[in-house]
Amino acid sequence: MIGTACQASGAFAGAQPVLWSALRPADQSRSDMPLPGMASTQSQGETLAWRDEAHAVELTGFILPVDQDRNLVYEFMLVPWAGACSHSAAPPPNQLVHVVADEPFHLSRVYEVVTVTGNLRPGLDKTQLFIMDGVRVLDYGYSMSHAHVEKATGIADPDLRSISPFAVLSR
């Protein structure tokens, strides 16, 4: 099970659970993705595979705040691995989702795992955020406005990864 956000938010009842792999073309395998901390000579992930804006989806990932006030997050990037962008290379655009929450989310720890529910819109764009060592501009491929955000429960996405000081760990 990926999450239960659609049951918690009546506005998105019947939301379809989506894995990160559905956001990239089938010929861009997980092994083609740059590992955290590693540069890539492959395509940069500009090809977007998800096109169904009409139906609500659930997607689980890690929060990287863009706009926050202390522990309240209003806007964030949803990323498939902990440490993305601040401790390692950014995921390709088709693996970055810009999220504006329907109400502020109370962040209890860095890189909290959440499930977002809403309509996923494809479209390449940029955002700027402050990371430990300064400002960074990120290219993202998807966005979700007025998204319902809650802590994730039951994660079953093989692309969702955590980083240890020694290696990349699957969640």
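1. Helices and strands are named here from DSSP runs, a helix being H or I over at least four residues and a strand being E over at least two, with numbering from the N terminus. On that basis Gln95 belongs to the loop between β3 (72–79) and β4 (97–106). This is a predicted model, in which local features need pLDDT of at least 70 and side-chain atom pairs count only at pLDDT 80 or more, while totals for chains, interfaces and linings use all residues. Residues are numbered from 1 along each chain as its sequence is written, and side-chain values use heavy atoms, with hydrogens and water left out.

2. On confidence, the pLDDT (the predictor's confidence in each residue, from 0 to 100) averages 79 over the chain, and 74% of the residues score at least 70. Two segments call for caution: pLDDT stays under 50 over residues 1–9, for which the model has 33 contacts beyond four places in sequence, and pLDDT also stays under 50 over residues 163–171, with 20 such contacts. A contact here means heavy atoms within 4.5 Å. Where pLDDT is low, the predicted coordinates should not be read in detail.

3. As to the overall arrangement, the chain has one helix and nine strands, and along the sequence these follow the pattern α-β-β-β-β-β-β-β-β-β. Among contacts between residues at least 6 apart in sequence, 73% join residues at least 24 apart. Of the 171 residues, 49% count as buried, where buried means under 20% relative accessible area, exposed means over 50%, and partly exposed lies in between (1.4 Å probe, protein chains only). The accessible surface of the chain comes to about 8300 Å², of which 53% belongs to carbon and sulfur atoms; these areas come from the Shrake-Rupley method with a 1.4 Å probe, and for residues only the protein chains shown count as cover.

4. The largest nonpolar core has 38 residues, and those with the most contacts inside it are Leu23, Phe76, Leu78, Val97, Val99 and Val116. The elements that give two or more residues to this core are β2 (56–69), β3, β4, β5, β6 and β7, and the largest share, six residues, comes from β7. Such a core is a set of buried Ala, Val, Leu, Ile, Met, Phe, Trp, Tyr and Cys residues joined through side-chain atoms within 4.5 Å. Not counting residues up to four places away in sequence, Val116 touches Val57, Glu58, Leu59, Phe76, Leu78, Val99, Met144, His148 and Val149.

5. Gln95 counts as buried because its relative accessibility is 1%, and its side chain reaches the backbone oxygen of Trp20 at 3.1 Å. This is a polar contact, that is, a pair of N or O atoms within 3.5 Å, of which, within protein, one must be able to donate a hydrogen and the other to accept it, residues adjacent in sequence counting only if both atoms are side-chain atoms. Trp81, found in the loop between β3 and β4, is buried with a relative accessible area of 0%; the C-alpha atoms of Trp81 and Phe62, 19 residues apart along the chain, are separated by 6.4 Å.

6. Counting a salt bridge as a side-chain nitrogen of Lys or Arg within 4 Å of a carboxyl oxygen of Asp or Glu, the total comes to two. In one of them the side chains of Lys151 and Glu112 meet at 3.7 Å, N to O. Lys151 lies in strand β7 (residues 134–151) and Glu112 in the loop between β4 and β5 (113–119), so this pair ties together parts that are 39 residues apart in sequence. Lys151 is partly exposed at 44% relative accessible area, whereas Glu112 is buried at 3%.

7. Asp139 forms a salt bridge with Lys126, the closest N and O atoms being 2.5 Å apart. This pair links distant parts of the chain, with Asp139 in strand β7 and Lys126 in strand β6 (residues 121–131), 13 residues apart. Asp139 is partly exposed, with a relative accessible area of 37%, and Lys126 counts as exposed at 52% relative accessibility.

8. Arg70, in the loop between β2 and β3, has a positive phi near 60° without being a glycine, and counts as exposed at 76% relative accessibility. His146, found in strand β7, has a positive phi of about 55° although it is not a glycine, and is exposed at 60% relative accessibility. Most residues other than glycine have a negative phi.
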